[in-house]
Amino acid sequence: YAGIDTARGMAVLKLPYAPPPSLLLLGAGPDARPVAELAHFLGWRVQVFDHRAALSSGARFPPGTALHCHPVDELLQHVKLAESGAVVIMSHHLDSDRGYLRAVAEAGPGYVGLLGPAPRREKLLAGLTVAESAALRPRLRAPVGLDLGGRSPEAIALSIVADIHAWLHGRQRHHWE
């Protein structure tokens, strides 16, 4: 919008501004670092939450990454899930991932990615209440990422970030592909 601000007698230019996407990684294992690096490269705001202090080191992640080291059940006390555009659950620990799923089921973003194969997904969902599972299923990308091939942490990171990027720009895929 361009126009005249009659109260001030000056030309005004208004441009739409969208803040950068926000990504929350729930788990700080070795495969979280390349996801954070690619997201950071794209200008996204990145947060990492993990209960393991040894993995939550600032030296492991790009500058500007917000790191949180707390027990899984304290996630909602330290992170505002509503401010996260996308969440990827990748702790490689069943009980932790179940706790993270439970938290994002009640107050999570539109994109929830879960690392691991379909049988693992079903095992985790079976440990949730019917209401929690129902709240997650329409938003859950599990296994997370596009099928690009490759098995290295960097290739998996590329598939995850590409899937989130596509989702952010309205490109949908079936949740259970």
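Predicted model: local features only at pLDDT ≥ 70, side-chain atom pairs only at ≥ 80, totals over all residues.
Residues are numbered from 1 along each chain as its sequence is written, and side-chain values use heavy atoms, with hydrogens and water left out.

**View 1. Overview of the protein chain.**
The protein chain has 6 helices and 8 strands; these are DSSP runs numbered from the N terminus, with helices (H or I) of at least four residues and strands (E) of at least two. Along the sequence, they follow the pattern β-β-β-α-β-β-α-β-α-β-α-α-β-α. Of the 177 residues, 42% count as buried, where buried means under 20% relative accessible area, exposed over 50% and partly exposed in between (1.4 Å probe, protein chains only). Among contacts (heavy atoms within 4.5 Å) with a separation of 6 or more, 60% come from residues 24 or more positions apart.

**View 2**
Six strands form an open sheet in the order β5-β4-β3-β6-β7-β8, with parallel pairing; two strands pair if DSSP finds at least two bridges between them. β5 (66-69) and β8 (140-141) stand at the edges with a single partner strand each, so one side of each has no neighbour in the sheet. Strands β3 (residues 22-26) and β4 (residues 45-50) run parallel and are joined by 5 bridges. Opposite leucine 23 stands valine 46 in β4. Helix α1 (residues 32-41) packs on the sheet and touches β3 and β4, and its direction makes about 175° with that of β3. Axes are lines fitted to C-alpha atoms, for helices over the stretch in contact, and angles between N-to-C directions run from 0 to 180 degrees.

At 28% relative accessibility, leucine 67 counts as partly exposed. Leaving aside residues up to four places away in sequence, leucine 67 touches Val48, Ser56, Ser57, Gly58 and Phe61.

Rings of Phe, Tyr and Trp (its six-membered ring) pair if their centres lie within 6.5 Å; planes under 30 degrees apart count as stacked, over 60 as edge-to-face and the rest as tilted. The count by this rule is 2 aromatic pairs. In one of them, the ring centres of phenylalanine 49 and tyrosine 100 are 6.1 Å apart and the planes stand at 85°, so the pair is edge-to-face. Phenylalanine 49 belongs to strand β4 and tyrosine 100 to helix α3 (residues 94-107), so the pair ties together parts 51 residues apart in sequence. Phenylalanine 49 and tyrosine 100 are both buried.

**View 2. Helices α1 and α6.**
Helix α1 packs with helix α6 (residues 153-168) at an angle of about 50°, with the axes 8 Å apart. That makes α1 oblique to α6; angles under 35 degrees count as roughly parallel, over 145 as roughly antiparallel, 65 to 115 as roughly perpendicular and the rest as oblique. In α1, Arg33, Pro34, Val35, Leu38 and Ala39 meet Pro153, Glu154, Ala157, Leu158, Ile160 and Val161 in α6.
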